[in-house]
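Q: I have a model open and want to learn how to read it. Can we go through it feature by feature?

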Amino acid sequence: MFIHKLPWLLATVMETLAVLAGTVGIKLLVATLLNIRDDSHIAALLLAKFTSYQDFHTQLYTCAAEFDFMSIETLQNLTVTFLLPFSLFAICSVIIKVIKTVLCSSSPDKSDDDDDDIAMVTSLSLNAVYILVV
């Protein structure tokens, strides 16, 4: 494939965009074919959260405390119980490991097929972790 001849950063960005476009495309295709409209309110909720848009459903959901931004007390409780520090440590460890693997995968003693497989797995792993973090 031509994507493996590109620099690894550009290839990773292209693979990420392809995965996201494929996921959204398949979701839209299935929703259209099966006439599913159950999750149409999610876009309205996001719009209401960051703009002044309001309708009945967004007012119903956004007045609940679960849909508000996290308070300082929540962050303090997550820090005191070590959930937040350990999570950040795990995420940073994975990112550092992925970066080291990608940088070390260009050594001349490995075959090109191994480099392609390692780059693909690490880029997909890094993108999955990034999506979970966001």
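Q: Which residues are buried in helix 2?

A: Start with the terms. Buried means under 20% relative accessible area, exposed over 50%, and partly exposed in between (1.4 Å probe, protein chains only). Helices (H or I, at least four residues) and strands (E, at least two) are DSSP runs, numbered from the N terminus. In helix 2, residues 41–50, the buried ones are A44, L45 and A48. Seen down the axis of helix 2, these buried residues fall within an arc of 100 degrees, so they line one face of the helix. The arc is taken over the directions from the helix axis to the C-beta atoms. An α-helix has 3.6 residues a turn, so residues three or four places apart point the same way.

Q: Which residues are exposed on the other side of helix 2?

A: A43, L46 and F50 are exposed there.

Q: What kind of model is this, and how are residues numbered?

A: This is a predicted model: local features need pLDDT of at least 70, side-chain atom pairs count only at pLDDT 80 or more, and totals for chains, interfaces and linings use all residues. Residues are numbered from 1 along each chain as its sequence is written, and side-chain values use heavy atoms, with hydrogens and water left out.

Q: How many helices and strands are there in the protein?

A: The protein has 6 helices and 0 strands. From the N terminus on, the order of elements is α-α-α-α-α-α. Of the 134 residues in the protein, 13% are buried.

Q: What do the contacts and the surface show?

A: Contact means heavy atoms within 4.5 Å. Take contacts between residues at least 6 apart in sequence: 31% of them join residues at least 24 apart. Accessible areas come from the Shrake-Rupley method with a 1.4 Å probe; for residues, only the protein chains shown count as cover. The accessible surface of the protein is about 10,700 Å², and 72% of that belongs to carbon and sulfur atoms.

Q: How many cavities are counted, and which residues line the largest cavity?

A: A cavity is a set of points, on a 1 Å grid over the protein atoms alone, where a 1.4 Å probe fits but cannot get out; lining residues have an atom within 4 Å of a point. Grid points are joined across faces, edges and corners, and a volume is the space filled by probe spheres set on the points. The count is 1 cavity of 30 Å³ or more. The largest cavity holds about 40 Å³ of space. Its lining consists of W8, T12, V98, I99, V102, T122, S123 and L126. Helix 1 (8–33), helix 5 (83–104) and helix 6 (112–133) each supply at least two residues of that lining.

Q: How does that lining split by class?

A: Ala, Val, Leu, Ile, Met, Phe, Trp, Tyr, Cys and Pro count as nonpolar, Asp, Glu, Lys and Arg as charged, and the others, Gly among them, as polar. The lining has 5 nonpolar, 3 polar and no charged residues.

Q: Is T12 buried or exposed?

A: T12 is buried, at 13% relative accessible area. T12 lies in helix 1. Not counting residues up to four places away in sequence, T12 touches S123 and N127.

Q: What is the phi of N35, and where is N35 found?

A: Phi of N35 is near 55 degrees, a positive value in a residue other than glycine. N35 is found in the loop between helix 1 and helix 2. At 55% relative accessibility, N35 is exposed.

Note on methods: 1 Å grid on protein atoms, 1.4 Å probe; cavity = no way out; pocket = protein on both sides within 12 Å on 5 of 7 lines; lining within 4 Å.
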